[in-house]
Amino acid sequence: MASVTRRALSRGCCRRLAVVLALAVVAAAADDEGSGPNWHVVSVAALLPDAVCTPKRAAASNSSALSVVHRHGPCSPLQARGGEPSHAEILDRDQDRVDSIHRLAAARPSSTADDPSSASKGVSLPARRGVPLGTANYIVSVGLGTPKRDLLVVFDTGSDLSWVQCKPCDGCYQQHDPLFDPSQSTTYSAVPCGAQECRRLDSGSCSSGKCRYEVVYGDMSQTDGNLARDTLTLGPSSSSSSSDQLQEFVFGCGDDDTGLFGKADGLFGLGRDRVSLASQAAAKYGAGFSYCLPSSSTAEGYLSLGSAAPPNARFTAMVTRSDTPSFYYLNLVGIKVAGRTVRVSPAVFRTPGTVIDSGTVITRLPSRAYAALRSSFAGLMRRYSYKRAPALSILDTCYDFTGRNKVQIPSVALLFDGGATLNLGFGEVLYVANKSQACLAFASNGDDTSIAILGNMQQKTFAVVYDVANQKIGFGAKGCS
């Protein structure tokens, strides 16, 4: 009897194994045909942005979340036709930023930032895509002063000092809102020259007892002004609750500002230095922040202070480097295309390191890694005889989908140390200028020694969690929904 039972069990196991193997063969065949789970099958119309706003409240870790929309999209309060940069201009400026990051990595002296661990509930801000502002960054609305003035500012994980344009101004560019007037705020004060905040500036000076700051960005945009303190109000623009306020917030009151800031009222830094918004807010909200960048100009995202993470977030270690201490590093270890690992040694990624940056648009990879990715992606795309299109600035692998209703695009996944994976949607794989020019949204650094950069194209729709307290970075799929 026992022998019969064992034979029956054996036959049952064999049948189940055969079913599993058959399913695996079917899945592999589907992938080979471009229709399996490792391919994106999308309509060409879906690759292009909608013309109508379809607002949907972005998910965030708390009730005070603010919406994020594309600056020039139909949902944007700043919508204005004309004057926006072309795709080539956006990508050329993106290269300026990348060049700046690479220069900083080679020359920046070492410093560290405080990581407070005590916190109250987090707070969230609305982030909007800022391409038409003359930047490739995202923007949020904050309240400054007492009574508060709502201002629209770029937020940037690669910068530390926050600043807005102020009255009186000797050389301010035209911005969206009236200039911030310190004389109208009862809580404003200038930072004196002897204050610690002034001594910590990379580039500062003293004038009439007031601390002066100067910041020059990679594209040679520049801001100069007085270092100041005032009350910063976070959360929805209708809120002025003291629970969402930072007293004595240190920022720059710019009075001589030039460059590619477009019509933004200023810039807020989320870097790792003590003067950044993230560091100043850490004692109140927790050492960290998260955001979800919207998928398109018709969608919304959020920026949330505090390190709360969605349940589906998967983490990788946050790496600290002395050459660029303000940046957030992580270890990229591999890439998959259509479910298959691209043949690149992990040492190719490990040697230069990888920084995650909200201000860089296109992800930059070491030359060997990019060449392997491009070869694998282009090889799979050749199955469908897609017409090649001319290169678009830094993007050299482009396709013309004119006349097609539907396209098959191989999936791309970025693999990080510790098991975190970014499974990219088609909107994070292709940079689409128009139907006749859709390009692989990655670029080469031109060498294997410059820092790799995870750009915002590949971060879209994910909840990206910067858990500074526990020194880790997480990614949660469908973070804006």
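**Disulfides and their surroundings**

A: Cysteine 193 and cysteine 206 are joined by a disulfide, with 1.8 Å from S to S; a disulfide here is a pair of cysteine sulfur atoms within 2.5 Å. The torsion about this S-S bond is about 90°, so the link is right-handed. Cysteine 193 sits in the loop between S7 and helix H3 (196-199), and cysteine 206 in strand S8 (residues 204-207), so-called distant parts of the chain, 13 residues apart. Helices (H or I, at least four residues) and strands (E, at least two) are DSSP runs numbered from the N terminus.

The model is predicted: local features need pLDDT of at least 70, side-chain atom pairs count only at pLDDT 80 or more, and totals for chains, interfaces and linings use all residues. Residues are numbered from 1 along each chain as its sequence is written, and side-chain values use heavy atoms, leaving out hydrogens and water.

A search of the whole structure gives 6 disulfides. One of them is formed by cysteine 166 and cysteine 253, with sulfur atoms 2.0 Å apart. The torsion of this link is -105° about the S-S bond, and the link is left-handed. It connects the loop between strand S6 (163-165) and strand S7 (189-190), where cysteine 166 lies, to strand S11 (residues 245-258), which holds cysteine 253, 87 residues apart. Cysteine 166 is buried at a relative accessible area of 2%, and cysteine 253 is buried at 4% (buried: under 20% relative accessible area, exposed: over 50%, partly exposed in between, with a 1.4 Å probe and protein chains only).

Another disulfide runs from cysteine 398 to cysteine 439, 2.1 Å from S to S. With 105° about the S-S bond, this one is right-handed. Because cysteine 398 lies in strand S22 and cysteine 439 in strand S27, the pair ties together parts 41 residues apart in sequence. Cysteine 398 has a relative accessible area of 0% and is buried; cysteine 439 is also buried, at 0%.

These two strands belong to an open sheet of 4 strands, ordered S21-S22-S27-S26 with antiparallel pairing; strands pair if DSSP finds at least two bridges between them. At the edges are strand S21 (387-389) and strand S26 (430-434), each pairing on one side only. Strand S22 (residues 398-400) is joined to strand S27 (residues 437-440) by 2 bridges, and the two run antiparallel. Within this pairing, cysteine 398 stands opposite cysteine 439 in S27.
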